[in-house]
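Hello,

Here is the structure I promised to pass on to you. Please open it next to this message, and I will go through what turned up in it.

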Amino acid sequence: MVDVSELSQRVLQLTLDDEPAQLRAALQDLEPEDERGFAATTDEGAYATHIAANFGRFHCLAELLDRGCPALRMPSGHTPLMVACQSGAVDCVAALVEFYPEDVRAFTGRGHTALMIAMEVLHGDEARAAT
């Protein structure tokens, strides 16, 4: 029997370390539909999907999404999509929009959407061209 709490910490660490192959192997130990394997967070409340989105770790993100990682929010209300928009990880943004389409309309605790965050990052003409 796998200690799910320990596995959750391992999933977070492997994502931080950008180890998609090892992450895939670790996720094989997780029972289907067991969301507890994705429950570990950083001190700031970021889950593995947020870490992958923030650092543009597309291959780790793909492993998490393929394994059915739920749409988790940070305490600030940020979704992985919002984090990917903020960091400019375009390939992660595309995957997250496809996997969690409802997050396109989600708001942070301050009332910002992923598009608003992307526009703040892109600035001026680039932001207008993206809309």
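Let me start with Pro 80, which touches Thr 49, His 50, Ala 53, Leu 72, Leu 96 and Asp 103, leaving aside residues up to four places away in sequence. Please keep in mind that this is a predicted model. Pro 80 belongs to helix H5. Is Pro 80 buried or exposed? With a relative accessibility of 0%, Pro 80 is buried.

His 78 sits in the loop between helix H4 (58-66) and helix H5 (80-87). His 78 has a relative accessible area of 18%, and since the cut-off for buried is under 20%, His 78 counts as buried. Around His 78 you will find His 50, Leu 72, Arg 73, Val 83, Gln 86, Thr 108 and Ile 117, all in contact with it when residues up to four places away in sequence are not counted. His 50 and Leu 72 are also among the residues that Pro 80 touches. For the polar side of things, the side chain of His 78 makes a polar contact with the side chain of Ser 76, at 2.6 Å.

Now for the overall picture. How many helices and strands are there in the protein? There are 8 helices and 0 strands, and along the sequence the pattern reads α-α-α-α-α-α-α-α. The radius of gyration is 15 Å, close to the 14 Å that the globule rule gives for 131 residues, so the protein is as compact as a globular protein of that length. Taken along the principal axes, the C-alpha atoms fill a box of roughly 55 × 25 × 25 Å.

A few totals may be handy for you. Of the 131 residues, 44% are buried. If you take the contacts between residues at least 6 apart in sequence, 68% of them join residues at least 24 apart. The protein exposes about 7,400 Å², with carbon and sulfur atoms supplying 51% of that area. As for charges, there are 9 positive and 21 negative ones, and their mean positions are 4 Å apart.

Helix H4 deserves a look of its own. Its buried residues are Cys 60, Leu 61, Glu 63, Leu 64 and Leu 65. What covers these buried residues of H4? The cover includes helix H1 (4-16), helix H2 (20-27), helix H3 (48-54) and H6. Just after H4, Gly 68 takes a positive phi of about 90°.

Another positive phi belongs to Asp 18, at about 55°, although Asp 18 is not a glycine. As background, most residues other than glycine have a negative phi. Asp 18 is placed in the loop between H1 and H2, and at 38% relative accessibility Asp 18 is partly exposed.

Moving back into H1, you come to Gln 9. Gln 9 is partly exposed, with a relative accessibility of 45%. Gln 9 and Thr 42 are 33 residues apart along the chain, and 9.5 Å separates their C-alpha atoms. Glu 35 itself is in the loop between H2 and H3, where its relative accessibility of 49% makes it partly exposed.

Where is Val 104 found? Val 104 is in the loop between helix H6 (90-99) and helix H7 (114-122). Its relative accessibility is 41%, so Val 104 counts as partly exposed. Not counting residues up to four places away in sequence, Val 104 touches Leu 81, Val 97 and Thr 113. Val 104 and Ala 71 are 33 residues apart in sequence, and from C-alpha to C-alpha they are 12 Å apart in space.

That is the tour from my side.

Best wishes

Definitions and conventions
Residues numbered from 1 in each chain as written. Predicted model: local features only at pLDDT ≥ 70, side-chain atom pairs only at ≥ 80, totals over all residues. Heavy atoms only, no water. Helix = DSSP H or I, 4+ residues; strand = E, 2+ residues; numbered from the N terminus. Buried < 20%, exposed > 50% of the residue type's maximum accessible area, 1.4 Å probe, protein only. Polar contact = N/O pair within 3.5 Å; in protein donor to acceptor, adjacent residues only side chain to side chain. Contact = heavy atoms within 4.5 Å. Rg over C-alpha atoms; globule rule 2.2 N^0.38 Å. Areas by Shrake-Rupley, 256 points an atom, 1.4 Å probe, with all protein chains shown as cover. Lys, Arg positive; Asp, Glu negative; His and termini not counted. Charge placed at Lys NZ, Arg CZ, Asp CG, Glu CD.
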